[in-house]
Amino acid sequence: MCGYLLINQLDLYMKNILLLFLVFFVTSTLMAQRKTEVSFSVRGNCSACEKNIEAAYDVKGIVFADYDLENETMTVVYKTKHFHCGHDVQQLADNLGYDTQDIKANEVAYSKLSACCKYRDPSSKNKCSGDH
């Protein structure tokens, strides 16, 4: 009888260890896959700008990206494993030459935009057909 109780206690002990390991594994997996949503402004003029901006977010670690040209708002869901903060996410638009709410695009990248996509020039918005 005493041996039977000892075996049941060991069995219970092993089940508890297995359960703790399983909880730890699931928790660490979920933390590694954490996703965050961020919205921020991005300057743009036309549908070509919209396509370029959205294409910049077609990279590993971006789950969802949508640019609203009318409101100049970008909404992005990203994995924190790949991007540590919203500033890193905004950098993708900046790299193409588009200003965001926190980052002004550098002049070299901005100069490479098509003439009608140069959103800093107020006259370019009226000239833009978006067909390039």
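## Arg120 and its partners

Arg120 pairs with Glu107 in a salt bridge, and their closest N and O atoms sit 2.9 Å apart. Glu107 belongs to helix H4 while Arg120 is in the loop between H4 and H5, so this contact ties together parts that are 13 residues apart in sequence. Keep in mind that this is a predicted model.

Arg120 also forms a salt bridge with Asp99, with 2.6 Å between the closest N and O atoms. Asp99 lies in the loop between helix H3 (86-96) and H4, and Arg120 in the loop between helix H4 (107-111) and helix H5 (124-127), so here the pair joins parts 21 residues apart in sequence. Put together, Asp99, Glu107 and Arg120 make up a network of salt bridges.

How exposed are these residues? Asp99 is buried, at 10% relative accessibility. Arg120 is partly exposed at 24%, and Glu107 is partly exposed too, at 49%.

## The Glu72 and Arg43 pair

The whole structure has three salt bridges, and one of them joins the side chains of Glu72 and Arg43 at 3.9 Å, N to O. This one links distant parts of the chain, 29 residues apart: Glu72 is in the loop between strand S2 (62-68) and strand S3 (73-79), and Arg43 is in the loop between strand S1 (35-41) and helix H2 (47-56). Arg43 counts as partly exposed, with 34% relative accessibility.

## Cysteines

How many disulfides are there? The count is zero.

Key:
Residues numbered from 1 in each chain as written. Predicted model: local features only at pLDDT ≥ 70, side-chain atom pairs only at ≥ 80, totals over all residues. Heavy atoms only, no water. Disulfide = S-S within 2.5 Å. Salt bridge = Lys/Arg side-chain N within 4 Å of Asp/Glu carboxyl O. Helix = DSSP H or I, 4+ residues; strand = E, 2+ residues; numbered from the N terminus. Buried < 20%, exposed > 50% of the residue type's maximum accessible area, 1.4 Å probe, protein only.
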